[in-house]
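Dear colleague,

Please read them with the coordinates open beside you.

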Amino acid sequence: PKYTSSASLHSSLQQVLAAVDDAGHPRERSFYTSPSPGTMALFCEDRCFGNYEAYVMALAEEMRHEYEAIAATGMMLQVDCPDFAMGRHTRFAELSDAEFKTTVLALNVAAVNHALKNVDKSSVRVHVCWGNYAGPHHRDLGSQHIWPVLSKVKAKYILIEAANARHEHEWAYLRPEHLALDQVLVPGVIASCCATVEHPELVAQRILRFVNILGPARVVAGTDCGFASTAKNVSITADIAWRKMASLVEGARIATQRLLDANAPVTTSLTFRPTGVRVVLCAPPGHSALEQELSRRCWHVQVVHVNQGAGAEKIKAAASAAFAECKWSIDFPTAVLGIGSDGASVGQTLEALLVGEKSCSRRPTYRFELDTHGGRPGCAYLGAAPLTEAEAAVCVTALLVGVQNSTGACFDKRTLVPKKALSGLP
């Protein structure tokens, strides 16, 4: 295969960019779709190679040009990957689930990553679905077979069906470790093939299922798929599609309000303590045990990789990039954990940026260090960096206890009510 669509792609991109710019919508919050190499292999017959691996990797090398061109516009690149799921019950129906996972699915993930090798992960979203058509879907591959491979995909945002009647229950198979720490799940909470308009309360329930597993910062509500796969598809008319989108917005508002209410001070105890902690880990690569333990026990973990000997400019740039990502993360206390001298420097710079940001009211920020020979002023030193899962568990426990016991993170709720109402209280 050889990519020959540069001119037509450029023309299409210019039309979309003009519409986005005319509407005053930020390019980075818009997206443009392109099929995955595995999807191309799913629908286009191999007449050259006679070998699936060779065919899909050749397609990946050619699709690389299109992905890079889309990413260069500043828009998000959405790679559509029905081959991750729909491929099982269509072209590869003769395979077992296990065979599909180990042969086809693994290759398709590798092909996507090869095509994305020159595209920044943070500007990529991947859409996984079982085919946007009204049908029984009784041969669909279960999500439990797909969740474990998603962390390997080079994409920050993972979009997957989760609202239709065949797959809604499969949220229960999701585990925090199924996604990388820097990935965000966009589950479908609106069905795209059914004309029934979901109630906002149902939408909120669906959102909160995933929030309870991954934390609020790693979930964005979405639809199962597009409302029309082709221009002639009219199963969902425009008026119904807009009503569904309105329900999606209202459901997200309800879910957000419930999260805020759940973390508000209540009268069940006299001391308010935060129920969740955000962690920004500033460290060189190679601390997977600690990253996994933080992911399991904290609401959200942001990883900032910084190599030893990075230099002042790279340290400042890393801290600025981390600040841009967590600037508006104000709902929970933030623990900045630096490992090594350069990781600690990034953490110290980031803490200063967060404390100095006065445009919004935020929960407190706390700084911790590992492997810095006693720690710097203003931080809590937790000792040597953990190497094993057991050591990581001890380290994370110490961090969480440090946050919970900090005077700024908890307060006596009796200070919020008139003194006369407190008579007789201990």
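Strand 1 and strand 2 (residues 76-80) run parallel and are joined by five bridges, and in this pairing Pro-35 stands opposite Asp-80 in strand 2. Please bear in mind throughout that this is a predicted model. Helix 3, which spans residues 52-72, lies across both strand 1 and strand 2, and runs at about 175° to strand 1.

These two strands belong to an open sheet of six strands, ordered 1-2-3-4-5-6 and paired in the parallel sense. Its edges are formed by strand 1 (31-35) and strand 6 (222-223), each of which pairs on one side only. Further along the sheet, strand 4 (residues 157-160) runs parallel to strand 5 and is joined to it by four bridges, with Ile-158 standing opposite Leu-185 in strand 5. Strand 5 also pairs with strand 6, again in the parallel sense, over two bridges, and there Ile-190 stands opposite Thr-223 in strand 6. Strand 5 itself (residues 184-190) is mostly covered, since seven of its seven residues are buried.

Next comes a pair of helices. Helix 6 (residues 200-214) packs against helix 7 (residues 238-262) at an angle of about 55°, and their axes are 7 Å apart; the two helices are therefore oblique to each other. The crossing in which helix 6 passes helix 7 is right-handed. On the helix 6 side the contact includes Val-203, Ala-204, Ile-207 and Leu-208, while among the residues that helix 7 contributes are Leu-248, Gly-251, Ile-254, Ala-255 and Arg-258. Taken by class, the residues of this contact divide into 11 nonpolar, two polar and three charged.

There is also an open sheet of five strands, with parallel pairing, whose order is 9-8-10-11-12. Strand 9 (300-305) and strand 12 (380-381) are the edge strands here, each pairing on one side only. Within this sheet, strand 8 (residues 278-283) pairs with strand 10 (residues 334-339) in the parallel sense over five bridges, and Leu-281 stands opposite Leu-337 in strand 10. Helix 10, covering residues 340-356, packs on the sheet and touches strand 8, strand 9, strand 10 and strand 11 (365-370), its direction making about 155° with that of strand 10.

With best regards

Note on methods: Residues numbered from 1 in each chain as written. Predicted model: local features only at pLDDT ≥ 70, side-chain atom pairs only at ≥ 80, totals over all residues. Heavy atoms only, no water. Pairing = 2+ DSSP bridges. Contact = heavy atoms within 4.5 Å. Axes fitted to C-alpha atoms, helices over the stretch in contact; angles between N-to-C directions. Parallel < 35°, antiparallel > 145°, perpendicular 65-115°, else oblique. Left-handed = near helix turned anticlockwise from the far one by under 90°. Nonpolar A, V, L, I, M, F, W, Y, C, P; charged D, E, K, R; others polar. Buried < 20%, exposed > 50% of the residue type's maximum accessible area, 1.4 Å probe, protein only.
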